[in-house]
Amino acid sequence: MDERALAVKRCVSDIEVADFVALDLEFSGLFLDAAKSGKVLSYEDYFAKCAESVPKFLALQLGICCAQQRKENNGGETDRSGWDLRTHQLDLWPSEHRVFSVDLQSLRFLRSHGFDFNAFLEKAHPYQRLQKSATSATPKPLGAAQVMAALRTAQVPLVVHNGLLDLLHLYDKFLGDLPEDFEDFGKAWLEHFPLTFDTRFVAQEGRLQVFKHPGGLSLQTLFTHLRASSSLQLRSPEPTSQGASHSAGYDAYVTAAVFLMEMDAWLRFDRKKSEAPAEAPAEAAAEAPAEAPSQATTLETETVEMAVQPTPGEEDEGWQPARKRARKARAPALSDPSLLENHKICRRFHNKIALVNTSPGFFVMGPPKG
C-alpha cells in the first residue's frame, strides 16, 4: 500500500470512531472579483458572489480533525475532560482535466505559511465527485473522495470556522454543481451531512456574555483566548497539530479545539444560570457582607482572594491580601458527545453558518438535527 493510500485509510478509520469532525480547506483563490468595496451585501448577493467564484478555483488542501472523547478512571470516578484530536492533511488534485483560476496573492499567502507546492504537485491525492447514493455496484471512490464518502456514511457532526466557502468547495468538488441560491444549497448539503456547526457563529452569539471576549473572532485569536480558562484536556499525537496556521491540518485541529472549548463554556454558562439562586430582597442584600462571594462567582473563579490580619511584629498596614489559593479543577460541562445533538444550548447552533460583511450575519441552512 503506497503512502497516499495509507494516509487515506488512517483518516477513514479515525472518522469511523469520531464523535465529530472538524474540516478546513485551502484554496487557489477566494473570489473572481477580489476588490474590497467595503459594502455590506445581502446574503443572497453574497451567495451569488461565492457561487460564481468557487467552481473556478481549486481546493488545494483538506484538513480533517477527528475528535473522540476519552473516558478515564480517576480515583474511582470517570474523568470526561479528555479528548483525543487526530489530525490528517491531504493535498488535493482533481482526477479529471481542469482549467482553473489562480489568485497570485493567495498563493503567496499560502507559501508564506509553509505550503509546499512541490509536494502538492508530486503527492496530491486524486479526487472526484461521489455518486449521489452508493450501492454495491457503485465504483469505489478514488483517493480523497474516500474521506468524503466516509464522512457521509458516518453522519457525525461537522465543524468549520467561518466556513461557507469550505462547504461550497466541498460540495462543488465532491458532490455536484452548486445550487442557485442559499436555500437550495442548505437543503442539498443537509441531504448528505445533517449536522454542521460553525465556531465563528458560536463565538458571535456568546462573545461578551459567555466568553468575556471583546477581541476579534479569528480562529487563532479565539483559540488563544479560550484555552486560557478551559479545563478540557486535549491530546493530539500528530505533528500537524503543532504546525503553522493556514495549513489545513493545523486549522482543522484548532477548529476542533475551539469548538470543544466553546461548547463547554456555553453549557457551563447555561448550568450556572439554571443553578443560580433567586435574587434576594433588597433589604437582605443590603445586610449581606459585601466581601462574601456568591456560590456562582466562586465556581467561575480560577482563584480565591483571602484577607488575613497582619502578623504580630509586622508594620500594621491593615488587612493584607494573601497569596491566591488555587481551587479544585472544574468538571467539564461537555460531559458527553450526545449533548452536541440533544442539548437545547447546542441545538441553537445547529446548521447556522457565520457570514462576514453581510446582513444578516449568518445563514440558516436548515432546522436543527432531529
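## Cores, helix packing and burial

User: Which residues does Ile-64 touch, not counting residues up to four places away in sequence?

Analyst: Contact means heavy atoms within 4.5 Å. With residues up to four places away in sequence left out, Ile-64 touches Cys-11, Val-21, Ala-22, Leu-23, Arg-86, Thr-87, His-88, Leu-90, Val-147 and Ala-252.

User: What kind of model is this, and how are its residues numbered?

Analyst: Residues are numbered from 1 along each chain as its sequence is written, and side-chain values use heavy atoms, leaving out hydrogens and water. Local features need pLDDT of at least 70, side-chain atom pairs count only at pLDDT 80 or more, and totals for chains, interfaces and linings use all residues, since this is a predicted model.

User: How many residues does the largest nonpolar core have?

Analyst: A nonpolar core is a set of buried Ala, Val, Leu, Ile, Met, Phe, Trp, Tyr and Cys residues joined through side-chain atoms within 4.5 Å; buried means under 20% relative accessible area, exposed over 50% and partly exposed in between, with a 1.4 Å probe and protein chains only. Val-21, Ile-64, Leu-164, Phe-185 and Trp-189 have the most contacts inside the largest core. The size of this core is 58 residues.

User: At what angle do helix 2 and helix 6 cross?

Analyst: Axes are lines fitted to C-alpha atoms, for helices over the stretch in contact, and angles run from 0 to 180 degrees between N-to-C directions. The axes of helix 2 (residues 43-53) and helix 6 (residues 164-174) come within 10 Å, and their crossing angle is roughly 45°.

User: Which residues of helix 6 meet helix 2, and which residues of helix 2 do they meet?

Analyst: The contact residues divide into 6 nonpolar, no polar and no charged; Ala, Val, Leu, Ile, Met, Phe, Trp, Tyr, Cys and Pro count as nonpolar, Asp, Glu, Lys and Arg as charged, and the others, Gly among them, as polar. Leu-164, Leu-165 and Leu-168 in helix 6 meet, in helix 2, Tyr-46, Phe-47 and Cys-50.

User: What separates the C-alpha atoms of Glu-180 and Phe-47?

Analyst: Glu-180 lies in the loop between helix 6 and helix 7 (182-192), and its 76% relative accessibility makes it exposed. Glu-180 and Phe-47 are 133 residues apart along the chain, and their C-alpha atoms are separated by 8.7 Å.

User: Is His-192 buried or exposed?

Analyst: His-192 is found in helix 7. Beyond its neighbours within four places in sequence, His-192 is in contact with Lys-132, Arg-152, Gln-155, Tyr-171 and Leu-175. Because its relative accessibility is 8%, His-192 counts as buried.

User: Which residues of helix 8 are buried?

Analyst: In helix 8 (residues 199-206), 6 of the 8 residues are buried, so this helix is largely enclosed by the rest of the structure. The buried residues are Thr-199, Arg-200, Phe-201, Val-202, Ala-203 and Gly-206.

Technical notes:
Helix = DSSP H or I, 4+ residues; strand = E, 2+ residues; numbered from the N terminus.
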